[in-house]
Amino acid sequence: MAPRAVLVGPPGSGKSTVAKALARLWDVERRDTDADVEATAGKEISEIFVDDGEQAFRTLEREAVATALAEHDGVLSLGGGAILDDATQALLEAYAAHGGAVAFLDVTLSAAAPRVGLNNARPLLVGNPRRQWMDLMEARRPIYERLATVTVLTDKLTPAQVAREIADAI
Ligand code: S3P
């Protein structure tokens, strides 16, 4: 069993809402690794970062991605930093090599900022959220691009339009 599509991209790229739209389009279930990690840990991601640290979160995230890739056959959205992990990269490469669809939801800062909300609780964006977001994106863009089998620039599109572009491309 393998997901019908895996959505990757930075915070504010719309992964969760696009996952909903794509799942509706295909009439399949959707799953999100952030939610899986929260369910496993029994607390919110921001609390995991504070109580246990980012490394602990990344370990839970790696396990959540591996489990969901093996178990889920609908639409799977990953936390924005999940692709930093070597084991996750290898799993996504293998998934794509077997015909899986990895959709990179590309977005500019100006479109991502209002979606993310500059005062929200995402733990990696405290301090100077715009600067931090740009730094994250710069470091991760090469990885998103390398892993993607489909890329959609989401800035001017509704979630339904992004979902349609992904569906049409695969
Ligand atoms: C993170 C993104 C978050 C969440 C965690 C870390 C990141 O998910 O996994 O706060 O490193 O970019 P979203 O991409 O859904 O915001």
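Biologist: Which helix does K15 lie in?
Modeller: K15 lies in helix 1, which covers residues 15-26. Keep in mind that this is a predicted model.

Biologist: Okay, and is K15 buried or exposed?
Modeller: K15 is buried, because 29 other C-beta atoms lie within 10 Å and 20 or more is enough to count as buried.

Biologist: What is K15 in contact with, if we skip its neighbours within four places in sequence?
Modeller: Setting those neighbours aside, K15 is in contact with L7, G9, S77 and L105.

Biologist: What about S16, where is that one?
Modeller: S16 is in helix 1 too. It counts as partly exposed, because it has 15 C-beta neighbours inside 10 Å, and that falls between the cut-offs of 12 or fewer for exposed and 20 or more for buried.

Biologist: And which contacts does S16 have beyond four places in sequence?
Modeller: S16 is in contact with D32 and S77. S77 is also on the contact list of K15.

Biologist: Which residues does UniProt put under "binding site"?
Modeller: The unreviewed UniProt entry gives G12, S13, G14, K15, S16, T17 and R122.

Biologist: Switching topic: how many residues does helix 7 have?
Modeller: Helix 7 has 19 residues, running over 129-147. From its first C-alpha to its last, helix 7 reaches 26 Å, close to the 27 Å expected at 1.5 Å a residue.

Biologist: Where does helix 7 bend?
Modeller: Helix 7 bends at R140, by about 45°. A proline, P142, follows within four residues.

Biologist: Which residues of helix 7 are buried?
Modeller: Those are P129, W133, M137 and Y144.

Biologist: Why would residues three or four places apart point the same way?
Modeller: An α-helix has 3.6 residues a turn, so residues with that spacing point the same way.

Biologist: What do the buried residues of helix 7 pack against?
Modeller: They pack against strand 1 (5-8), strand 4 (102-106) and helix 6 (109-116).

Biologist: Last one: what is the mean pLDDT of the protein chain?
Modeller: The mean pLDDT is 94, and 94% of the chain's residues reach 70 or more. For the complex, the predictor gives an ipTM of 0.98 and a pTM of 0.94.

Methods. Residues numbered from 1 in each chain as written. Predicted model: local features only at pLDDT ≥ 70, side-chain atom pairs only at ≥ 80, totals over all residues. Helix = DSSP H or I, 4+ residues; strand = E, 2+ residues; numbered from the N terminus. Expected span 1.5 Å × (residues − 1). Bend = angle between axes of the 7 residues up to and from the residue. Contact = placed C-beta atoms within 7 Å. pLDDT = per-residue confidence, 0-100. UniProt positions renumbered as here; feature names shortened; annotations may be inferred.
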